[in-house]
Amino acid sequence: MRKLLFVVVLVSLSALNHLQAQTPQRFFERHYIDDLIFMNDSDLLVLGADEAADVALYKVDENGDVVNSVVLPSIKDNNSLRHLAHFNDGSVGLLVTKYTSDTIRLQKMTIHDDLSVDTLDFKWIGYDFYRFVAGGEQWVEDAFGNFFYSYYVDTLWTSGHHGLRILKFDGNGNLLTERLFDDPIPSSSGCYMFPTPDRMGCRLVLAGWGRYTIYNCHTLDGDLNTVSVKENIDQLSFPVECGENACFRMNPNNGRTYTINCQLEIQPDPNDPYGNPMVVHNHDILMSMFDADNFEQMAYTWGITTSVPSVPGQPNSIDFDREGDVYMVGGMDKPAFFSKSLYIVHLDEDLNKLDEIYYREDGYDLVYVGGMRVGANGDVFVNCQIWKPNEPAFGAILKFPAEAFLGIDEAHDAGFAVAVAYPNPGGSTLNIRTALTGSHVELYDTDGRLVGRHDITGAVTTISTENLPSGVYVWKVIKDGSEAESGKWVKK
């Protein structure tokens, strides 16, 4: 497993005559795309819909060409769990919900290489499912092929009491046990389920009431009994919340859990006699990491800052490569819920940034709707909706090649950062990694005062911050009198 691979993605400008950078491309397009997953090292399986709203599977080769497709009319009118996954037996498929006016059923669909589909109807009918708020419906598979499934309880939710029902099924769809979490959550943004590191049970992150929204992690064993509860999981990043509209994924390579969300930084309002919070910053994407055993927040870092304030609400995604490196993606520039651009970051297992991309297309809004996969060679495939004024929107998978972008101009044109700061948060030292020779770093506090200036002398410049107070700082790399890169850095 790679450790702290601070690979410089730039070469000197003199090398530009010999090498060319690769840019993102529209890899695959359809009327709408739900999700994507790799069937093997080269072929993508895409779940989407055509203009007639027929839900279909598409097998797409490495060039973006459709090798095979099949319509799935059985899930056309069903609302959800349309999330492709690798099952424990190596097959690919998904769980779907099948609704009537007052019941819900579950069906497992296994998809074969020729796109033939086997279906398994779970031997269960739900009568108390609350389908008007998304978020509570989640599922994971354990090491034995059993399935954990959760949903909001109708009678509790509509009464304002709230509640979450957890069920466990065996691989044949038989109900083994269930449990009701009574009044655990105040909002639809506070329910996340993922497997425990040993894949014997599951973990639930649930939101709780307080002056601030508090996110607690409940670890359950195979019988749905509570093993432990980690309260206020965002203790390190507090008051920056890591659970609001987040994606949680457990990394099978190290058992740690990683999150990405739209940062929501809050503080007590000095003008409110009750000390209720107010939003003081709502711009950026926040990434966090939790240890395997105790679910302690070990580190967090920010994405790229843009001048357009963002609002929570868009999906975010996480994937891992074969070495355990972490890839995350989220929508950015969301003044009215829908994103206009994409943020993609490649990190090592300790949450140090290796590469990051801020990508937008002139004249188009890139509305991120969830779904991202990392290919065998490090290419990143992202699912989003393409919007343009006065034109119909459509779904697209964008391919971001793994090859490094070269030179400051080309890197910025493609959205790559040409300098990164680590560790973030940090302590007595700040490291700036860049290939921009002949430049310098300027460090500012939140009031805009210059608190440090340091020349770039090598690939990594180490700056002593021992005499600086804890807080948030802005660093800028200045090249030829102009700002080449900037970002935020937190001293703990």
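A polar contact here is a pair of N or O atoms within 3.5 Å, where within protein one atom must be able to donate a hydrogen and the other to accept it, and where residues adjacent in sequence count only if both atoms are side-chain atoms. The model is predicted, so local features need pLDDT of at least 70 and side-chain atom pairs count only at pLDDT 80 or more, while totals for chains, interfaces and linings use all residues. Residues are numbered from 1 along each chain as its sequence is written, and side-chain values use heavy atoms, with hydrogens and water left out.

**A buried aspartate**

- D325 is found in the loop between β24 and β25, where strands (E, at least two residues) and helices (H or I, at least four) are DSSP runs numbered from the N terminus.
- With a relative accessibility of 0%, D325 counts as buried, a word that means under 20% relative accessible area, whereas exposed means over 50% and partly exposed lies in between (1.4 Å probe, protein chains only).
- The side chain of D325 makes a polar contact, at 3.0 Å, with the side chain of H346.

**The largest nonpolar core**

- A nonpolar core is a set of buried Ala, Val, Leu, Ile, Met, Phe, Trp, Tyr and Cys residues joined through side-chain atoms within 4.5 Å.
- The largest such core has 18 residues, of which Y258, M287, I318 and M328 touch the most other members.
- At least two residues of this core come from each of the strands β19 (257-262), β22 (285-290), β24 (316-320), β25 (326-332) and β26 (341-347).
- Contact means heavy atoms within 4.5 Å, and, leaving aside neighbours within four places in sequence, the residues in contact with Y258 include C247, F248, S288, I318, M328 and L351.

**Strands β2 and β3**

- Strand β2 (residues 32-38) is largely enclosed by the rest of the structure, because six of its seven residues are buried.
- Two strands pair if DSSP finds at least two bridges between them, and β2 pairs with β3 (residues 44-49) in the antiparallel sense over six bridges.
- Within this pairing, D35 has L47 in β3 as its bridge partner, and a hairpin of five residues joins β2 to β3.

**Aromatic pairs and a cluster**

- Rings of Phe, Tyr and Trp (its six-membered ring) pair if their centres lie within 6.5 Å, and planes under 30 degrees apart count as stacked, over 60 as edge-to-face and the rest as tilted.
- The structure holds 21 aromatic pairs.
- In one of these pairs, F27 and F381 have ring centres 5.0 Å apart and planes at 70°, so the pair is edge-to-face.
- Because F27 lies in strand β1 (residues 25-30) and F381 in strand β29 (residues 380-388), the pair ties together parts that are 354 residues apart in sequence.
- Both partners are buried, F27 at 7% relative accessibility and F381 with a relative accessible area of 5%.
- The rings of Y473 and W489 have centres 6.2 Å apart and planes at 40°, so this pair is tilted.
- Since Y473 lies in strand β36 (residues 471-479) and W489 in strand β37 (residues 482-491), the pair ties together parts that are 16 residues apart in sequence, and both Y473 and W489 are buried.
- One aromatic cluster is formed by F87, Y99, F122, W124, F129, W139, F147, Y149, Y151 and F169.

**Cysteines**

- A disulfide is taken as a pair of cysteine sulfur atoms within 2.5 Å, and a search of the whole structure finds zero disulfides.
- C202 is in no disulfide, and the nearest cysteine sulfur, that of C217, is 9.6 Å away, which is too far for a bond.
- C202 is buried with a relative accessible area of 0%, and C217 is buried with a relative accessible area of 1%.

**Individual residues**

- L176 has its place in strand β13 (residues 175-182) and is partly exposed, with a relative accessible area of 47%.
- The C-alpha atoms of L176 and N146 are separated by 9.2 Å, although these residues are 30 residues apart along the chain.
- L115, in the loop between β8 (104-111) and β9 (117-121), has a phi near 70°, a positive value in a residue other than glycine, and it is buried with a relative accessible area of 2%.
- F295, in the loop between β22 and β23 (297-302), has a positive phi near 55° in a residue other than glycine, and F295 counts as buried at 1% relative accessibility.
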